[in-house]
Every structure is written in structure tokens, then in C-alpha cells.
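Reader: I'm new to this one and would like a close look at a single part. Please walk me through the place where the two protein chains meet, and take your time.

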2 protein chains.
Amino acid sequence: MGLTNQPQYRRLYESLRKQIVDGVYREGDLLPSENELCAIHGLTRPTVRKSLDLLLNEGFIKKQQGLGSIVHKLPKGIGILSLAGTTIATEGRELYTRVILKPVVSQWPENFIFSLSENEKEVGCIRIERLRLLNNRPLLFEYTYLPNINLPRFTSRNLENKSLFDILRQNYKLEVKGGEQYIKAIEANDKKICSYLRVSKGHPILHLKRKLETNRINFSFYSVLYCNTDEHSIYGVF
Amino acid sequence: MGLTNQPQYRRLYESLRKQIVDGVYREGDLLPSENELCAIHGLTRPTVRKSLDLLLNEGFIKKQQGLGSIVHKLPKGIGILSLAGTTIATEGRELYTRVILKPVVSQWPENFIFSLSENEKEVGCIRIERLRLLNNRPLLFEYTYLPNINLPRFTSRNLENKSLFDILRQNYKLEVKGGEQYIKAIEANDKKICSYLRVSKGHPILHLKRKLETNRINFSFYSVLYCNTDEHSIYGVF
DNA sequence: CAGTGGTCTAGACCACAGT
DNA sequence: CTGTGGTCTAGACCACTGA
């Protein structure tokens, strides 16, 4: 957290974001004006505006010309559509991550959901299976596939209730920069999925396929998610 | 199209976007470098970079430091998660919009999906119901609700296979600036929905609730969508 | 009116990719 | 090495808001 080698706009973004999440600024409040933020942090307007753009894109603030930057209400759903929102946006409730299958080296599945490069195919993958619970109730089941390239000791890492993103960043200097995803509504058919999500066969669930791109060139990883949306919607801004 | 009173970064963005969609640049191609774009269009780098940021956020390009801006492959799904992607991203196939219920003035539904201001409640709403078809096959059914504020002659407009966004922009100077959405997987229960989407009762479908914010202060409109994702996924980038 | 965000310029230095 | 994108500065003028 709070690495000092982060760009300034990024540090200001994280600082403001934390204050909004922590309730220092509440829904409808105005953030300090851009000029005030410049003065406070010793930055120029383009830099400050870049920070605010990040908050804007993630739905934390709205802007109104002639007025200011207005804090948006925190979302009521589960934010997994956007980048930063993966584990937040659960209204203070705790999202717990239980590891079902610890990282193992294996082959890529047949007919993998995304097309793979020759290099990726050769090296094989590291698989993980995790279940996410909200208030002790299973919410989504996630298969993760990482190409087995330069990830020393990864299979012996303890992932229980830890952020995969954080582990990749702190131990392997891998930053997730973006990605793409495909969403479907399907019937729960797989016995394993039904059992973990505690839904009956045929129950409608969300199916997400995601490709996550990182700062390391040609290093992407993948995940397949099954999500029970009976009680919690998936939330996103645009 | 191509309004001259648009900001420069916006015009450059639209120009590049069109060239990508039209296939002038193809997957893997490099766009002209930022400095070249500056020279070509007589702009400075921050302005050019703002254009490229838009393309980046919508998944049209990736960037690689030291290399350039790389054109991304066009998505394979239906892009309704992002702003500009509402009707594009269907691989050249035609998305047709059939009006089921022409715009009518009415009251807001009971227990509306989003909270409304007092003003919105008072003025009532304009309702529309539309069916979107891809290759003549029904794909999604959409209820739209606009607050009945300063939209002269809206109810007599012909919306058949026209973009609602375009009509709002051209006739009422309303630009959609962003929004929020909630996604669920549900069983198709409503007879009307089943019939229009041609799915059997109990079939899993996607349910989206969206709030769309505009450049007119405190003017948002809303839509509820039911989408058959059997053949086409919903696509998004982040 | 003063203050806000929206747009734009003209530079600068850095880290990184390919040669 | 050169050229690329990534970050940042120090200004400027505009359109819009609220008092």
C-alpha cells in the first residue's frame, strides 16, 4: 500500500478514494476544487485532473462545471466489472475468499475460453479455484488460470483470503492494467458449481469469462466465474 | 455526425475510431505515434493523448511504452456495458431496433428501480418499449423511461430503428455522459418477455437495470433490459 | 461577479522497446 | 542509439454555476 514510487496522480487518486470509501467525504459532498487540490498537494492542474478522471471513471465522483466534483453514492452491488472495484463496493460487508484448489501446475484446459499464444501453450498454466463469500454466504466461484512463466514459488503461496492482485503486484511486480470480459446468463448445471454456490440444478446464474492484461508484455491471465445474483447484483459504471 | 463544435480531442477520437471500425487499421496495427498525430492534426500531445485515452478506455487500442498504440481486435460480443459501444461491436451484423410501444406519457411505475427526485415524480415519465434483433433474431427487450421534462413533440417522433441517443443529441441537445448499471441472471417468467425473446418460461436470461446521466443537470433516464445470451455474450472492457 | 471545471498550448524529463 | 509512450509543469482562455 502507498508505494512511494507510484506516480503522483496515482497517489492523489488513492488518497481521495480512501477518504471517500472511509466516509470522510459522503454522498453529495464536494471535493476540494481542482485549484485547492493543486495547492494542497503541490501539483498542477493536469496532474490533479488525471487523479479526478480516475475517480470519475470508477464512479466515485461526478463533475459539474461551475460547481465542483461531487461525491457519488457508493454502489450497492458487487463491483467486479471494473478494475479497482473487484473486492470493494460491498457496503462495508466483508467479502471472504476461500481457496478450494491451491495453485497447481497443469496443462491448459481443452478448448480454452480464450485463444493462447504458442508460448503460453508450451509452458502450461497454474490453476486456482476459489470461492468468494459475502457474510458467509457463497456468492461466486472462480477458476483462475495463469501462464506458468516466471512465477517462482507461486504454487507454495498461501492465498487464503488474500487478494491475488496484491500478491502479483508485491511479489512479482505484476500490475493488472485492464482486460476484457464476456457475460452470459446460464443455468447452473455443473454439480460442483451447484454445490459450492448452494443453488439447485437449473438455477439461473451469471457466467463471466475474463482476460486480465498486465504490465508485463504478453502476460495475461484468465478467469472463469460463476456468480449467484439472487441477492446481489453485479454493479458497474460507464 | 462530425459536429464542428466538438472539442478537438473528441473529433480526433471519432476520426480514429471510425478508421478502426472501418478496417483502415486492423488488429495488431500500430496507430501513428503521438508525435505524428500531433503534427498531422496540428495539436499538442496532451490533446492527442486525451483522444487516445478514450480509445483505450473503450478497448479499441492497447498501448505499449516504447512501441506505440496497438489496435485491439474488435470485440465478439454485444457491447452494451460501455458508453459508445451500445450499438456497435456486432461484427458488422446489423442490430435492428423494433419499437413495440411508441413513446407515451405515463406515471412512473410503482416501486421504480431507481430512486426518483420529487421533481421527476411530479412530471411523470415517457415510456418506450423496444426490441433489438440481430440477424432477425430477438436479442434483447428494453423498457426505457425518460422524465417528462422539456422534451417537446417527443411522443410523436418515429424511433423505428433509430438511435435514441442520436435523437436526444440532435433534437434536444442531450448528451449521455455516463451511467450506472446492475446486472443479474434471472429466469424468464414474464409472458411478454418470453414471447418477445422467444424463450421458454424458466429460461435463464440477463437482467440489466441502467441509469443514464446526461449533460443536462439532474436529467437522467432509465432503462430495464432483458437479454437472451444463448448465442451472444455481453462484452465489456475495463 | 468570483470561482468552478473544460479545453488547450508548449515545452520538459523519464522509462522502455526495437535496432 | 532513436523513437515511443508515461509523467509533469506553468501557464492560458473558455463556459458554466451560484451568489
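How many residues of chain B are in contact with chain A, and how many residues of chain A do they touch?

Author: Before the count, a word on what you're looking at. This is a predicted model, so to speak: local features need pLDDT of at least 70, side-chain atom pairs count only at pLDDT 80 or more, and totals for chains, interfaces and linings use all residues. Residues are numbered from 1 along each chain as its sequence is written, while chains are lettered from A and ligands numbered from 1 in the order in which they are written.

Now your count: 29 residues of chain B are in contact with 29 residues of chain A. Contact here is about C-beta atoms, placed from the backbone, that lie within 7 Å of each other. On the chain B side, α3 (45-57), β6 (176-187), β7 (204-214) and β9 (234-237) each supply at least two residues. (Those labels are DSSP runs numbered from the N terminus: helices are H or I with at least four residues, strands are E with at least two.) The largest share, ten residues, comes from β6(B). Sorted by class, this side of chain B has 15 nonpolar, eleven polar and three charged residues. In that sorting, Ala, Val, Leu, Ile, Met, Phe, Trp, Tyr, Cys and Pro count as nonpolar, Asp, Glu, Lys and Arg as charged, and the others, Gly among them, as polar.

How do the two chains compare? Chain B can be laid on chain A with an RMSD of 0.1 Å by a turn of 180° and a shift of 0.0 Å along the axis. The two copies are thus related as by a two-fold rotation axis. The superposition is a least-squares one on the C-alpha atoms of residues with pLDDT of at least 70 in both copies.

Let's zoom in on the strands. Strand β9 of chain A (residues 234-237) pairs with β6(B) in the antiparallel sense, over four bridges. Pairing asks for at least two DSSP bridges between two strands. Within β6(B), Gly236(A) has Gln181(B) as its bridge partner, and Val237(A) has Glu180(B).

One open sheet has seven strands in the order β9(A)-β6(B)-β7(B)-β8(B)-β5(B)-β4(B)-β3(B), with antiparallel pairing. Its edge strands, each pairing on one side only, are β9 of chain A and β3 (95-106) of chain B. Neighbouring strands in this sheet are turned by 15° against each other on average, direction ignored; the strand axes are lines fitted to C-alpha atoms, and angles run from 0 to 180 degrees between N-to-C directions. Further along, six bridges join the antiparallel strands β5 (residues 137-147) and β8 (residues 220-227) of chain B, and Glu142(B) stands opposite Leu225(B) in β8(B).

Another open sheet of seven strands has the order β3(A)-β4(A)-β5(A)-β8(A)-β7(A)-β6(A)-β9(B), again with antiparallel pairing. Here the edges are β3 (95-106) of chain A and β9 of chain B, each pairing on one side only. The twist averages 15° from one strand to the next. Within chain A, ten bridges join the antiparallel strands β4 (residues 125-134) and β5 (residues 137-147), and Leu131(A) stands opposite Phe141(A) in β5(A).

Back to β9, where the side chains are worth a look. In a regular strand the side chains alternate between the two faces of the sheet. From β9(A), Ile234(A) and Gly236(A) point one way, Tyr235(A) and Val237(A) the other, and all are buried. Buried is the label when 20 or more other C-beta atoms, placed from the backbone, lie within 10 Å of a residue's own; 12 or fewer makes it exposed, and anything in between partly exposed. β9(B) is likewise covered on both faces: Ile234(B) and Gly236(B) on one side and Tyr235(B) and Val237(B) on the other are all buried.

Conventions:
Two residues are in contact if their C-beta atoms, placed from the backbone, lie within 7 Å.
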